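Student: I would like to learn how to read salt bridges in a structural model. Please take me through the general idea and then through the case at hand.

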Amino acid sequence: MGKRLFLFFVLVSVIGFSQDTQENDRLEAIVVNAQTGATMSSVHVVNLNQVKGTITNKDGEFSIPAVVNDTLYFSFLGFKSQKIRVTNDMFKFGQTKISLTELAYALEEVIVRPYQLTGYLEIDVKNLPINNAYQYSISGLSVGYEAGKKNPSAVTKVLGAILNPADLLRNLFGKKPNQMRKLRQVKEDDQIRDLLASKFDRETLIELLQIEKVDIEDILNNCSYSKSFITTANDLQILDAISSCYEEFKVLNREK
């Protein structure tokens with residue numbers, strides 16, 4: 001009995017030591033330009049698993065909390081974002097070089113066709129673009145609701161948003177509950193917040209929260225954010241909006 005108890009405490013100590021070591025592990029590496037080999041400063045590095053961020057120094061070096069199998073996300077303006085899986089070799093040999101590839105920009109020809117007005121109302125009206133968004137009014141309510149194309153599902157969507165907002169939010173957030181819980185962690189990391197404040201493409205948010213861009217738009221649409229805000233806000237503003245909407249969802253969910 002005494003030997004078994006001794007072995008149990010040894011095993012617990014080893015496991016505890018292993019966990020502490022993993023939690024305190026930091027990966028050190030260098031980011032370079034794939035084309036020139038030059039080191040890159042101010043590259044944002046995010047550990048998607050631990051929701052921790054950092055940036056490279058003037059020599060392209062960075063250090064970030066990480067363990068084997070964590071995924072690191074690298075982002076820099078004008079370069080293709082990249083995800084790297086952490087391996088044992090990165091810790092064993094050190095000075096791992098991460099290469100980022102510069103994006104090639106090509107502007108496509110844009111043809112501008114102004115409206116040719118003739119002065120005849122019947123002809124000019126036919127040449128104007130048609131707005132396919134329809135608004136629906138409901139008896140007893142003083143405002144209309146825009147719901148896109150005129151079809152039965154659009155009307156159902158409007159009624160659902162008005163009459164049962166708790167279920168609507170539950171359907172959206174219920175798909176990714178674990179990812180939604182990451183919101184608070186993301187908001188607490190200054191480096192990640194700085195990165196999101198400089199981004200407008202939703203790419204980093206998609207990687208952090210593991211949701212699709214269409215899900216982000218659905219969430220904000222159904223939390224009464226305007227199309228203008230959804231298309232022009234930076235990623236940090238979008239994050240704060242999603243967080244606010246999620247808090248509203250939790251309140252509604254508790255009250256049901």
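Student: To what number does the count of salt bridges come?

Tutor: Please keep in mind that this is a predicted model. The general idea is a distance test: a side-chain nitrogen of Lys or Arg must lie within 4 Å of a carboxyl oxygen of Asp or Glu. By this rule the chain has six salt bridges.

Student: What is the setting in which these pairs occur?

Tutor: The chain contains twelve helices and nine strands. It has 256 residues, of which 32% are buried. Among contacts with a separation of 6 or more, 54% join residues 24 or more positions apart.

Student: Which residue forms a salt bridge with Arg 202?

Tutor: The partner is Asp 235, and the closest N and O atoms of the pair are 2.6 Å apart. Asp 235 belongs to helix α12, residues 235-255, whereas Arg 202 sits in the loop between α8 (190-197) and α9 (203-209); the pair therefore ties together parts that are 33 residues apart in sequence.

Student: Are Asp 235 and Arg 202 buried or exposed?

Tutor: The general idea is to compare the relative accessible area with a cut-off: a residue under 20% is buried, and one over 50% is exposed. Asp 235 has a value of 0% and is therefore buried. Arg 202, at 4%, is buried as well.

Student: How should I read the salt bridge between Lys 58 and Asp 59?

Tutor: Their side chains meet with an N to O distance of 3.5 Å. For the surroundings, apply the accessibility reading again. Lys 58 is exposed, at 70% relative accessible area, while Asp 59 is partly exposed, at 37%.

Student: Which residue does Asp 201 meet in a salt bridge?

Tutor: The side chain of Asp 201 meets that of Lys 199, with 3.5 Å from N to O. Here Lys 199 is buried, with a relative accessible area of 11%, and Asp 201 is partly exposed, with 37%.

Student: Which residues are linked in a network of salt bridges?

Tutor: Such a network links Lys 187, Arg 193 and Asp 240. In reading it, consider the three residues together.

Key:
Residues are numbered from 1 along each chain as its sequence is written. This is a predicted model: local features need pLDDT of at least 70, side-chain atom pairs count only at pLDDT 80 or more; totals for chains, interfaces and linings use all residues. Side-chain values use heavy atoms; hydrogens and water are left out. Helices (H or I, at least four residues) and strands (E, at least two) are DSSP runs, numbered from the N terminus. Buried means under 20% relative accessible area, exposed over 50%, partly exposed in between (1.4 Å probe, protein chains only). Contact means heavy atoms within 4.5 Å.
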